[in-house]
Amino acid sequence: MNVIPVIDLLQGRVVRAVRGDRQHYRPIASALCASSEPLTVARILCEHCAARQLYVADLDALQGGVGHVAVVRQLLEALPGIELWLDAGFADVSEAQALCAGLGPLAERVVPVFGSESLRSRAALEACFTPGVTPQSAPQGRGILSLDRRNGERLDAAGCWDSPALWPPRVIVMTLERVGAGTGPDVATLREVAARSPQTQLIGAGGIDSVADLALAREAGASAWLVASALHDLKLPRISA
């Protein structure tokens with residue numbers, strides 16, 4: 001199981017995400033690192049997991065505010081071996097293209113995450129993963145779709161959940177009420193998504209609290225899992241490179 005560390009950015013700091021209740025997120029208190037500064041936290045998490053990917057949730061951008069483009073640039077410059085998966089509330093592919101274009105060559109290591117909670121329409125979904133996008137502007141085939149839900153409700157104005165024919169090769173299954181809750185992976189939803197598109201590579205998010213949880217997730221069909229709280233709470237051992 002590939003453990004992909006996560007940092008949630010809010011007002012320039014890394015915060016602890018709990019159950020998707022963004023109004024109450026606070027700067028991270030961690031047994032792993034004594035800081036909420038983004039680069040410090042990212043570096044320690046990536047080293048702990050021997051990670052090659054880092055997931056960044058730009059919560060200010062997701063809530064319609066000014067995003068952390070400068071922080072994203074800093075992370076890319078300081079962590080040259082890392083592929084950065086970025087969820088910045090992209091409503092359509094043009095927003096991802098604009099952000100990536102501003103990063104120049106660094107954008108080669110950015111993988112835009114298009115969340116079902118953010119995509120504005122089915123037309124926007126259809127345009128996200130079509131050929132012809134330049135490398136500097138969210139290259140086709142590298143974008144990832146996130147299927148988001150909270151408390152059993154799909155966050156999905158674009159109809160992503162019911163359109164497996166439009167899914168890219170990699171899809172995140174994001175169960176927001178389990179994020180930071182340590183309640184175990186949502187294997188039922190994972191299996192539901194896997195049944196809709198057996199060829200899709202699935203990445204889970206939310207609920208991991210132990211190595212045993214990772215094993216359950218793998219058995220349910222996940223190839224990777226996005227993790228933050230279990231790392232900060234030392235629930236997962238250090239992974240050797």
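The structure, a predicted model, holds two aromatic pairs. Rings of Phe, Tyr and Trp (its six-membered ring) pair if their centres lie within 6.5 Å; planes under 30 degrees apart count as stacked, over 60 as edge-to-face and the rest as tilted.

| Pair | Centre distance | Plane angle | Class |
|---|---|---|---|
| Phe-90 and Phe-114 | 5.8 Å | 50° | tilted |
| Phe-114 and Phe-129 | 5.6 Å | 90° | edge-to-face |

Phe-90 lies in the loop between strand E5 (83-87) and helix H4 (93-103) and Phe-114 in strand E6 (residues 110-115), so this pair ties together parts 24 residues apart in sequence. Phe-129 is in the loop between helix H5 (122-128) and strand E7 (144-150), 15 residues from Phe-114. Helices (H or I, at least four residues) and strands (E, at least two) are DSSP runs, numbered from the N terminus. Phe-90 and Phe-114 are both buried, and Phe-129 is buried as well; buried means under 20% relative accessible area (1.4 Å probe, protein chains only). Phe-90, Phe-114 and Phe-129 form one aromatic cluster.

Residues touched by Ile-7 include Val-14, Leu-45, Leu-54 and Leu-75, where contact means heavy atoms within 4.5 Å.

Residues are numbered from 1 along each chain as its sequence is written, and side-chain values use heavy atoms, leaving out hydrogens and water. Local features need pLDDT of at least 70 and side-chain atom pairs count only at pLDDT 80 or more, while totals for chains, interfaces and linings use all residues.

Definitions and conventions. Buried means under 20% relative accessible area, exposed over 50%, partly exposed in between (1.4 Å probe, protein chains only). Lists of a residue's contacts leave out its neighbours within four places in sequence.
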